[in-house]
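Q: I would like to go through this structure with you. Could we take the overall fold before the details?

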Amino acid sequence: MLNRRHIRVKVMQSIYAMHQNGSDNMQKEEKFLFYSIENILDLYLIMLSSLVEIRDKEEEYLQKSAKKHLATPAERNPNKKFINNAILVSLAENSSLSIALEDRKINNWQQNDDYILIMLSAIRESDIYKEYMSTTDTTFEQDRQFVIDMFMELIAPNEKLYEYLEDNKLTWVDDIPLVNTQIVKQLRSIKPNSHQSFSVPKLYKDDEDRDFARDLFRKTLLNESELAKEYIDKTPNWDTERIAEIDTIILKMAICEFLKFPSIPVKVTINEYLEIAKEYSTPKSSIFINGILDNLVKEFTAAEKLNKIGRGLM
């Protein structure tokens with residue numbers, strides 16, 4: 001699920017938090033870094049299970065309506081297209097999802113079902129739902145597209161849901177787009193008549209990614225003074241005290257990758273940190289950072305300080 005850019009963002013945020021808090025306890029902050037990364041999987045499970053819970057609430061509502069003393073014909077014989085949606089049923093019966101929810105003790109919606117009811121109400125009022133429910137017949141592809149549209153347009157952008165997630169864990173704010181993208185990608189890949197076509201993904205692609213998070217955090221922090229010296233004299237037109245702190249952290253992390261991560265191509269490092277600067281720093285930061293990194297690469301190359309391993313890493 002995690003990509004390297006998001007790992008870099010998490011490391012950057014942890015280093016920034018250390019600076020803001022005046023903390024020098026690297027062990028404690030590293031523990032929190034991995035805690036915040038681990039919580040991404042909880043966020044994923046909460047978002048995905050909302051689909052199952054919304055379906056369950058609708059089924060519960062239909063059953064209660066049918067049992068009313070003065071139930072209408074429509075209530076006695078409702079359109080069950082929504083609760084019979086092939087994708088929603090598949091998720092509800094998926095063992096990988098149910099095991100992960102149990103293992104990680106995810107029961108947020110049982111304790112906060114009012115948010116499920118809010119989202120269900122918004123879904124019922126939507127044109128997406130009304131168009132889907134206008135007929136009783138359907139195909140697997142239509143079921144899948146409806147769930148994707150419902151998730152992307154009605155659930156993911158729901159303000160009440162966003163407020164709940166933000167209040168639950170502030171670190172989730174930057175993780176929500178990553179998690180939602182992963183869910184949509186997986187929804188698109190579900191195949192008909194196959195309960196094995198969906199499984200809860202691993203948090204890290206492999207052990208190397210987890211090691212990368214740890215090493216980038218440690219090597220940047222342990223060498224901050226040394227890394228800062230590499231760019232200080234490259235900013236003659238900038239008052240060092242006026243350079244955004246996020247920019248200084250980005251520069252240190254990028255230089256750290258140049259010098260201490262031989263398997264990461266220079267171009268990859270530059271591109272990744274420019275994108276991070278565009279999203280997390282000032283409007284001019286990416287131009288400023290790009291200029292410094294370009295000059296440093298030329299200088300490091302001439303001095304043979306870039307010891308990259310493998311072809312095409314420059």
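Q: What share of the contacts with a separation of 6 or more in the protein chain comes from residues 24 or more positions apart?
A: Such residues account for 81% of those contacts. Please note that this is a predicted model.

Q: How many helices and strands are there?
A: The protein chain has 16 helices and zero strands. Its C-alpha atoms fill a box of roughly 85 × 40 × 35 Å along the principal axes.

Q: And what percentage of the residues is buried?
A: Of the 314 residues in the protein chain, 48% are buried. The chain exposes about 16900 Å², and carbon and sulfur atoms supply 48% of that area.

Q: Which residues touch the most other members of the largest nonpolar core?
A: They are Tyr44, Leu51, Phe82 and Leu187, in a core of 99 residues. Helix H2 (residues 26–66) gives the largest share of this core, 15 residues.

Q: What does Phe82 touch, leaving out residues up to four places away in sequence?
A: Its contacts include Ile54, Leu88, Ile123, Phe146 and Met150, and also the charged residues Arg55 and Glu58.

Q: Changing topic: at what angle do the axes of H12 and H14 cross?
A: The axes of H12 (residues 207–222) and H14 (residues 245–260) cross at roughly 105° and come within 10 Å. The two helices are therefore roughly perpendicular to each other.

Q: Which residues meet there?
A: Phe212, Leu216, Lys219 and Thr220 in H12 meet Lys252, Met253, Cys256, Glu257 and Lys260 in H14. The residues of this contact divide into four nonpolar, one polar and four charged.

Terms used. Residues numbered from 1 in each chain as written. Predicted model: local features only at pLDDT ≥ 70, side-chain atom pairs only at ≥ 80, totals over all residues. Heavy atoms only, no water. Axes fitted to C-alpha atoms, helices over the stretch in contact; angles between N-to-C directions. Helix = DSSP H or I, 4+ residues; strand = E, 2+ residues; numbered from the N terminus. Parallel < 35°, antiparallel > 145°, perpendicular 65-115°, else oblique. Contact = heavy atoms within 4.5 Å. Core = buried A, V, L, I, M, F, W, Y, C linked by side-chain atoms within 4.5 Å. Buried < 20%, exposed > 50% of the residue type's maximum accessible area, 1.4 Å probe, protein only. Areas by Shrake-Rupley, 256 points an atom, 1.4 Å probe, with all protein chains shown as cover.
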